[in-house]
Amino acid sequence: MLFSLTDVYVLQIVLTSIMLIHVSYLDLKTREIDDKLWVLYSPLTLFFLFQYKDLNLFVFLYSVITSIALVFTLYYISLMGGADLFLSLILSFSNASVRPLFFPRFSLMGAEPLTILLYSSSLIFMTGAGNFLRNYPYTKEYPMKLRLILALSGRRIRVKDFLNSKFLFPLTQIDESSGQVTIRTTFLVDEDDAEWRRKFSEYVQRGLIKEEDYIWVAWGVPVIPFIALGYFISLVVGLPL
């Protein structure tokens with residue numbers, strides 16, 4: 001044989017890692033991934049041809065369908081972008097099976113897509129937990145449900161800091177005619193953060209709000225780096241079942 005299965009596996013890990021590092025950098029820097037990149041990386045799914053014979057078909061299909069369905073649902077309700085969905089699809093077939101150092105059983109059978117999802121979701125949850133501990137003391141004036149949402153996903157900053165930020169979206173909303181302040185609990189992934197900064201700059205000029213005032217914002221979370229970290233963890237530790 002020109003290449004052994006071990007050589008193919010090493011190439012699978014190396015090329016997948018290059019893709020994940022590349023798109024994670026772009027997600028952190030711009031929050032936008034050109035669709036042409038997914039065409040470039042889609043041939044990685046050909047690694048599935050070297051793996052499918054050794055998979056447990058039930059485990060693999062359950063893993064793929066569950067993980068893709070969840071990501072698609074989050075995409076459909078605008079909590080994830082199309083790039084996250086494309087990446088999940090490519091990862092599911094390019095790495096249907098991996099060989100982690102610990103607890104490899106289910107990863108070898110085809111549970112890798114679900115394993116990546118579980119680890120990346122856990123990392124996002126831990127980030128949210130840290131955010132909660134930092135923010136909760138500042139939410140006393142709001143109803144309990146809103147307190148929990150703001151503490152988990154929000155950030156309290158001064159208006160002047162928001163005006164100099166990137167990838168932050170205001171949860172604090174100001175009625176331009178009355179000046180009434182309300183709080184929303186989420187934002188859409190296709191919102192333009194620059195447009196929001198322009199609006200709040202106008203609010204400051206019109207005296208609707210001051211630069212020293214505090215507002216609540218949400219960070220446009222770059223999900224792809226969390227997926228990448230979940231993948232790298234899965235290469236070391238599989239599902240501990």
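In what order do the three strands of the open sheet lie, and is their pairing parallel or antiparallel? I looked this up to begin my notes.

**Entry 1: ground rules.** I am working with a predicted model, where local features need pLDDT of at least 70 and side-chain atom pairs count only at pLDDT 80 or more, while totals for chains, interfaces and linings use all residues. Residues are numbered from 1 along each chain as its sequence is written, and side-chain values use heavy atoms, with hydrogens and water left out.

**Entry 2: the sheet.** I found the order S1-S5-S2, with antiparallel pairing. Strands here are DSSP runs of E with at least two residues, and helices are runs of H or I with at least four, both numbered from the N terminus. Two strands pair if DSSP finds at least two bridges between them. Strand S1 (154–158) and strand S2 (168–170) are the edge strands, each pairing on one side only. Neighbouring strands of this sheet are turned by 45° against each other on average, direction ignored.

I then followed the bridges. Five of them join S1 to strand S5 (residues 214–219), and three join S2 to S5. Val-217 in S5 is the bridge partner of Arg-155, and Val-217 is also the bridge partner of Pro-170.

**Entry 3: the helix across the sheet.** Helix H7 (residues 144–153) lies across S1 and S5, at about 75° to S1. For such angles, axes are lines fitted to C-alpha atoms (for helices over the stretch in contact), and values run from 0 to 180 degrees between N-to-C directions.

Which residues of H7 are buried? I noted Leu-146, Arg-147, Leu-150 and Ala-151. Buried means under 20% relative accessible area, exposed over 50%, and partly exposed in between, using a 1.4 Å probe and protein chains only. These four cover an arc of only 130° around the axis, so they sit on the same side of H7; the arc is that of the directions from the helix axis to the C-beta atoms. Their cover includes H6, S1, strand S4 (181–183) and S5.

**Entry 4: the cores.** A nonpolar core is a set of buried Ala, Val, Leu, Ile, Met, Phe, Trp, Tyr and Cys residues joined through side-chain atoms within 4.5 Å. The largest has 36 residues, of which Met-19, Ile-33, Trp-38, Leu-87 and Leu-91 touch the most other members. H1 gives the most to this core, with seven residues. Apart from it lies another core of 19 residues, with Leu-146, Phe-162, Leu-171 and Val-217 among them.

I checked Met-19 too: leaving aside neighbours within four places in sequence, Met-19 is in contact (heavy atoms within 4.5 Å) with Tyr-41, Leu-44, Leu-87, Ile-90 and Leu-91.

**Entry 5: a helix pair.** Two packed helices are described by the angle between their axes and the distance between the axes. H3 and H4 pack at about 175°, with axes 9 Å apart. They are therefore roughly antiparallel, a label for angles over 145 degrees; under 35 counts as roughly parallel, 65 to 115 as roughly perpendicular and the rest as oblique. Phe-60 and Val-64 of H3 are among the residues making the contact, as are Gly-82 and Leu-85 of H4.
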